[in-house]
Amino acid sequence: MLSAIWETEGLQTVGIVVLVFASIKLLHLLGLISFSEDSVEDELELSTVRHRPEGLEQLEARTRFSRKELQILYRGFKNECPSGIVNEETFKDIYAQFFPQGESSTYAHFLFNAFDTDHNGSLSFEDFVMGLSILLRGTIQEKLNWAFNLYDINKDGYITKEEMLDIMKAIYDMMGKCTYPILKEDTPRQHVEVFFQKMDKNKDGVVTIDEFIDCCQNDENIMRSMHLFENVL
Amino acid sequence: MAAGVAAWLPFARAAAIGWMPVANLPMPVAPAGKNKRQDEMIILNVSGRRFETWRNTLDRYPDTLLGSSEKEFFYNEETKEYFFDRDPDVFRSVLNFYRTGKLHYPRYECISSYDEELAFFGIISEIIGDCCYEEYKDRKRENAERLMDDQEDNKDAKPPNMTCRETMWRAFENPHTSTMALVFYYVTGFFIAVSVITNVVETVPCGTSPNQKEVPCGERYTVAFFCMDTACVMIFTVEYLMRLFAAPSRYRFMRSVMSIIDVVAILPYYIGLVMTDNEDVSGAFVTLRVFRVFRIFKFSRHSQGLRILGYTLKSCASELGFLLFSLTMAIIIFATVMFYAEKGSSSSKFTSIPASFWYTIVTMTTLGYGDMVPKTIAGKIFGSICSLSGVLVIALPVPVIVSNFSRIYHQNQRADKRRAQKMQKARLARIRISKQGTSNAFLHSKRNGLFSEAPEFTSSTEEDQRLNKSTSLLESQHHHLLHCLEKTTVTSPLNYINHEFVDQQYYQQSYLEAGLQNYPSRSPSLSSRDGVSGTCCTRRSKKQHAPLQNASGPAHMQPLTQVHAHPRGLQELSTIHIQPLSTSRSSLNMRVDEPASLNCQSSQITTAIISIPTPPVTTSDGDAHLRAGPAHQNVVKVSAL
């Protein structure tokens with residue numbers, strides 16, 4: 001009699017223990033619990049990319065900056081980005097510091113694409129300095145070319161109204177909300193209309209590089225403003 | 001503006017060329033590069049240790065000693081270096097702040113010497129980086145407490161002319177101040193002890209009554225105990241009333257813990273007096289007598305350690321809560337398991353899950369009374385698991401409580417958590433304000449009229465230089481950039497709705513205004529181009545500072561600086577008062593002879609009302625941006641913000 005009781009009890013115990021272990025195993029299988037620390041080890045991102053720019057002489061040859069200016073530029077650049085390259089997030093952050101009141105990330109995105117000439121997703125010092133060389137020391141033609149490249153988002157050689165509208169909205173976004181007078185919804189659109197009226201000579205709905213350069217060269221304001229930032233460095 | 005991104009400013013300005021083809025208005029003139037000197041090295045000699053850095057690095061923070069012209073006072077002509085007779089170790093942190101933009105607090109440094117150095121170099125301590133800020137604040141708090149303790153120890157001298165009430169309160173709070181206070185202290189202590197002992201002895205059986213039953217002493221010597229109880233309650237009542245009388249803030253005293261304990265301790269006696277020996281309520285009466293034991297808590301006035309213990313428990317509320325919660329979870333789990341494990345066995349004491357709670361609690365706290373034991377094998381297995389886990393669960397939060405107690409004990413407890421909260425808010429507010437300084441600084445400069453509208457504005461070059469000196473080159477370039485952006489966002493040359501950065505308050509006001517959308521009645525002299533936007537002050541007749549007026553620069557900067565903060569003062573708040581807009585539209589009717597902006601200004605803001613002695617120029621043809629012609633020299637620039 002006693003042995004019968006113990007038998008049933010023993011079987012019950014075994015059954016319970018088996019059940020418990022099975023459920024633990026199931027949870028482990030489902031990934032809800034993990035036993036060892038190795039499985040949750042994160043892969044360290046390959047963030048130790050170090051980029052060293054080419055030598056000072058080559059850069060001096062390729063750009064219109066003097067040696068001293070390149071030194072100053074690089075010191076500032078390296079201070080901010082010790083790894084030697086800027087990715088888009090950092091770029092947006094830096095640009096946002098200059099426009100605290102508005103939302104500058106869209107425009108920064110376009111700007112990043114314009115600077116990143118080899119389209120590898122990050123801005124190295126060479127890209128940076130080549131862009132600056134055009135903007136600060138280039139001829140009017142080169143500057144206008146650069147601006148056209150900025151507006152032409154898909155780089156197909158034509159600025160369409162949609163592209164211009166995107167750019168315009170991005171610029172207006174940088175102003176932010178607290179403006180006087182209040183920004184209306186279609187202000188960017190109106191601005192785009194004015195722009196196209198001015199630039200699109202043959203009224204075909206797109207602005208080509210020649211139309212753009214032609215029109216800008218005939219506009220006094222624009223010509224004058226091209227020289228505005230030459231004393232930057 | 002943050003230090004590091006100063007290096008990117010040339011880039012941001014160059015990128016602004018991207019806006020040029022889009023803009024329809026001429027751009028403002030770029031600030032001059034202030035006789036572009038080459039970046040030079042500065043040698044800072046701090047008590048013999050030489051630090052070298054670029055001048056530009058120091059110029060990043062113009063409102064500190066090293067960034068401003070204040071350092072010229074320390075310039076040593078012979079050795080061509082700046083000499084500071086200060087601690088070089090702390091100076092390392094200060095200089096690193098300029099280099100990296102983050103201020104760190106080294107742990108080995110004494111807090112007061114660090115504070116002194118920061119104050120000397122003009123750096124506010126709120127900008128210490130988050131990595132070191134907690135440590136800094138903790139040390140500062142400890143230091144402040146230490147100072148307060150020292151002060152209290154020295155507070156032996158009784159200030160003269162204290163009223164009777166104040167004397168009494170001081171005597172109550174600090175028994176060591178006078179002999180009377182000490183006597184009072186010991187008398188109350190004695191009576192508390194007597195009262196507690198009375199309560200205890202009351203229940204001890206002493207002797208037998210005639211019918212062979214053990215009688216507690218309380219019932220045997222009823223009168224004696226009643227007399228003692230009465231005496232004690234008298235003393236306590238008198239003491240409470242005296243404290244109530246002497247308290248500086250009676251309401252606050254009545255809400256304090258000690259006074260509640262006092263009341264609870266003496267109330268049962270009075271309730272007992274009031275109630276008669278009614279059978280129905282005698283049960284409740286007995287319960288009330290339990291509260292007499294609260295008299296023992298009155299000892300906490302006499303014992304510092306007790307107070308610290310109470311405060312510890314209060315401050316460790318979260319850890320205690322966690323302990324309670326985890327215990328509850330474990331109890332429920334194990335009780336359930338034990339119940340189902342023991343269900344099979346006959347004559348099992350585990351009749352229900354709540355009945356198993358008792359077993360679980362006793363096992364987990366390793367008490368093990370033995371009144372309930374599992375009989376099945378499964379029950380024994382789970383019972384052992386239960387007791388092992390009980391040890392762990394209880395052992396974990398306890399050291400936290402212990403360390404808390406020791407910390408508070410060493411700090412001699414203060415209610416500083418609440419103060420730390422307030423400081424955190426104040427700190428965040430100050431950091432936010434200094435960050436807003438950038439956008440505010442831009443708005444300042446606009447108001448101060450540092451932008452010359454026309455490109456050819458020949459006569460005020462000296463003035464430009466003067467004004468430019470008051471803001472750093474970096475700031476002026478940054479402002480120029482923002483100004484270009486404003487100019488870019490203009491729809492058409494005919495429309496002249498120039499979007500401008502304004503600050504939050506003005507925006508909200510103009511937003512409400514736009515909602516009303518009442519077009520002001522135009523005076524006939526206005527050109528029709530003007531009235532497009534319906535808000536007040538459509539015409540912002542900007543006029544420039546008259547170079548002739550008020551001779552010297554500081555003099556006509558003065559009305560500005562009176563009301564505005566110092567143009568460079570990022571740390572100070574700008575006080576912009578904006579009065580409610582006058583609702584009467586008639587005031588907006590612009591008369592020809594009067595500059596419109598004055599009207600608007602008087603109704604809107606109280607800042608920067610610069611008197612215009614010179615006759616107003618007929619700017620009826622519109623806003624400043626039409627000014628392609630030669631600038632008028634005798635025109636005062638007031639930007640109506």
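In strand β4 of chain B, Phe84(B) is the bridge partner of Val46(B). That pairing belongs to a parallel arrangement in this predicted model: β1(B) and strand β4 (residues 81-84) of chain B run parallel and are joined by three bridges.

Strand β1 (residues 41-46) and strand β2 (residues 49-54) of chain B pair in the antiparallel sense, over six bridges. One pair to pick out on screen is Asn45(B) with Arg50(B), its bridge partner in β2(B). The hairpin of β1(B) and β2(B) has two residues between the strands, and Ser47(B) takes a positive phi near 50° there.

Strand β4(B) also has an antiparallel neighbour: strand β3 (residues 75-76) of chain B pairs with β4(B) over two bridges. Here Tyr75(B) has Tyr82(B) as its bridge partner in β4(B). Four residues lie between the strands in the hairpin of β3(B) and β4(B), where Lys80(B) has a positive phi near 55°.

| Strand pair | Sense | Bridges | Example of bridge partners |
|---|---|---|---|
| β1(B) and β2(B) | antiparallel | six bridges | Asn45(B) and Arg50(B) |
| β1(B) and β4(B) | parallel | three bridges | Val46(B) and Phe84(B) |
| β3(B) and β4(B) | antiparallel | two bridges | Tyr75(B) and Tyr82(B) |

Now for chain B as a whole. Its secondary structure comes to 23 helices and seven strands. Chain B has 641 residues, and buried residues make up 44% of them. If you count contacts in chain B between residues at least 6 apart in sequence, 69% join residues at least 24 apart. The accessible surface of the chain comes to about 34100 Å², and carbon and sulfur atoms account for 61% of that area.

Residues 253-275 of chain B are 91% helix and 0% strand, with their end C-alpha atoms 29 Å apart. For residues 353-369 of chain B, the figures are 71% helix and 0% strand, with 18 Å between the end C-alpha atoms.

Asn199(B) is found in helix α7, which covers residues 179-202. Is Asn199(B) buried or exposed? Its relative accessible area is 14%, so Asn199(B) counts as buried, the cut-off being under 20%. Beyond its neighbours within four places in sequence, Asn199(B) is in contact with Arg292(B), Val293(B) and Arg295(B).

Thr208(A) is found in strand β5 (residues 206-208) of chain A. With a relative accessible area of 19%, Thr208(A) falls under the 20% cut-off and is therefore buried. Which residues touch Thr208(A), leaving aside its neighbours within four places in sequence? Thr208(A) is in contact with Phe148(A), Gly157(A) and Tyr158(A).

Met1(A) sits in the segment before α1 (2-29) of chain A. Its relative accessible area is 80%, over the 50% cut-off, so Met1(A) is exposed. Together with Leu2(A), Ile5(A) and Trp6(A), Met1(A) forms a nonpolar patch on the surface, and these residues have about 520 Å² of accessible area together.

Conventions
Residues numbered from 1 in each chain as written. Chains lettered and ligands numbered in written order. Predicted model: local features only at pLDDT ≥ 70, side-chain atom pairs only at ≥ 80, totals over all residues. Heavy atoms only, no water. Buried < 20%, exposed > 50% of the residue type's maximum accessible area, 1.4 Å probe, protein only. Contact = heavy atoms within 4.5 Å. Pairing = 2+ DSSP bridges. Patch = residues over 30% accessible without salt bridge, like charges linked within 9 Å, V, L, I, M, F, W, Y side chains within 5 Å. Areas by Shrake-Rupley, 256 points an atom, 1.4 Å probe, with all protein chains shown as cover. Salt bridge = Lys/Arg side-chain N within 4 Å of Asp/Glu carboxyl O.
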